[in-house]
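Subject: Structure handover

Hello,

Here is the structure I promised you. Please open it first, then read my notes below.

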Amino acid sequence: MAGFALRAADDARKPVAVLTTVYRHNSHADVIASRLVLTDMLDGTGKELWRSGNDEAAYSGVMVADIGGVRQIVHLNADALTGTDRKTGKQLWRTPVKTGAKRNTGTPVIFGDHVAVNSQTVGLVAFKISQSSGGWTATEDWANKKLPINIATPVFVGDYLYSQGAAKDFICA
């Protein structure tokens, strides 16, 4: 189980809730599932506020960001990149990100209304996240399959993404 604390804007030291990614083994299928679980820590009970998702787990961390005016939890699991409403736990959008080994390790990089992810299989890919009357969508905006970043997470500086490349070199996209 992995998790992090979401904090109140008025007091950075006071935990408001803990978001946990629960990994559980299914002994029959030997699959690890990933769920986002938000629990309230202010009341001292750790009461579950919501639970979302049931994809196969990966190693990527979760990010929290405002996208399209909505506070979202962005998560890259073994099968897809997802955006979940921070308040309700409702999955807003989901787009497949399939890799050969199902081991997505890079944490999503969020810049504006875009989310970039990477893997050895898909390279470096950025999705534009948008909302319309039909709901939320994650549309591939650009991809560079020649940048197969394996385990590192790129950092966004200025207008560029920097990372360690697959050949243990440094790349700029």
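**Ile-171 and its surroundings**

Leaving out residues up to four places away in sequence, Ile-171 touches Leu-147, Ile-149, Leu-161, Tyr-162, Ser-163 and Gly-165. Contact here means heavy atoms within 4.5 Å. Ile-171 sits in strand 15, residues 170-172. Its C-alpha atom is 8.1 Å from that of Leu-161, 10 residues apart along the chain. Ile-171 counts as buried because its relative accessibility is 12%. The cut-offs are these: buried is under 20% relative accessible area, exposed is over 50%, and partly exposed is in between (1.4 Å probe, protein chains only).

**Where the values come from**

This is a predicted model: local features need pLDDT of at least 70, side-chain atom pairs count only at pLDDT 80 or more, and totals for chains, interfaces and linings use all residues. Residues are numbered from 1 along each chain as its sequence is written, and side-chain values use heavy atoms, with hydrogens and water left out.

**The chain as a whole**

The chain has 15 strands and zero helices. Both are DSSP runs numbered from the N terminus: helices are H or I with at least four residues, strands are E with at least two. Of the 173 residues, 42% are buried. Take the contacts between residues at least 6 apart in sequence: 35% of them join residues at least 24 apart.

Pro-154 lies in the loop between strand 12 (135-144) and strand 13 (155-157). Thr-153 is in the loop between strand 12 and strand 13 too. Are they buried or exposed? Pro-154 counts as buried because its relative accessibility is 5%. Thr-153 is partly exposed, because its relative accessible area is 34%.

Pro-154 is in contact with Val-109, Asn-118, Leu-124, Ile-149, Leu-161, Tyr-162 and Ser-163. Thr-153 touches Thr-105, Gly-106, Thr-107, Val-109, Asn-118 and Ser-163. Thr-153 and Thr-105 are 48 residues apart in sequence, but 7.8 Å apart in space, C-alpha to C-alpha.

**The nonpolar cores**

In soluble globular proteins, nonpolar side chains tend to be buried together. A nonpolar core is a set of buried Ala, Val, Leu, Ile, Met, Phe, Trp, Tyr and Cys residues joined through side-chain atoms within 4.5 Å. The largest one has 16 residues. Leu-81, Trp-93, Val-115, Phe-127 and Ile-129 have the most contacts inside it. Strand 11 gives the most to this core, three residues. Trp-93 touches, among others, Leu-81, Val-115, Ile-129 and Trp-136. A second, separate core has nine residues, including Phe-111, Leu-124, Ile-149 and Ile-171.

**The cavity**

How many cavities of 30 Å³ or more does the structure hold? There is one. About 80 Å³ of space lies in the largest cavity. Of the 11 residues that line it, Ser-52, Gly-53, His-75, Asn-77 and Thr-82 are the closest to its centre. Strand 4 supplies the largest share of the lining, four residues.

A cavity is a set of points on a 1 Å grid over the protein atoms alone, where a 1.4 Å probe fits but cannot get out; lining residues have an atom within 4 Å of a point. Grid points are joined across faces, edges and corners, and the volume is the space filled by probe spheres set on the points.

Best wishes

Terms used:
1 Å grid on protein atoms, 1.4 Å probe; cavity = no way out; pocket = protein on both sides within 12 Å on 5 of 7 lines; lining within 4 Å.
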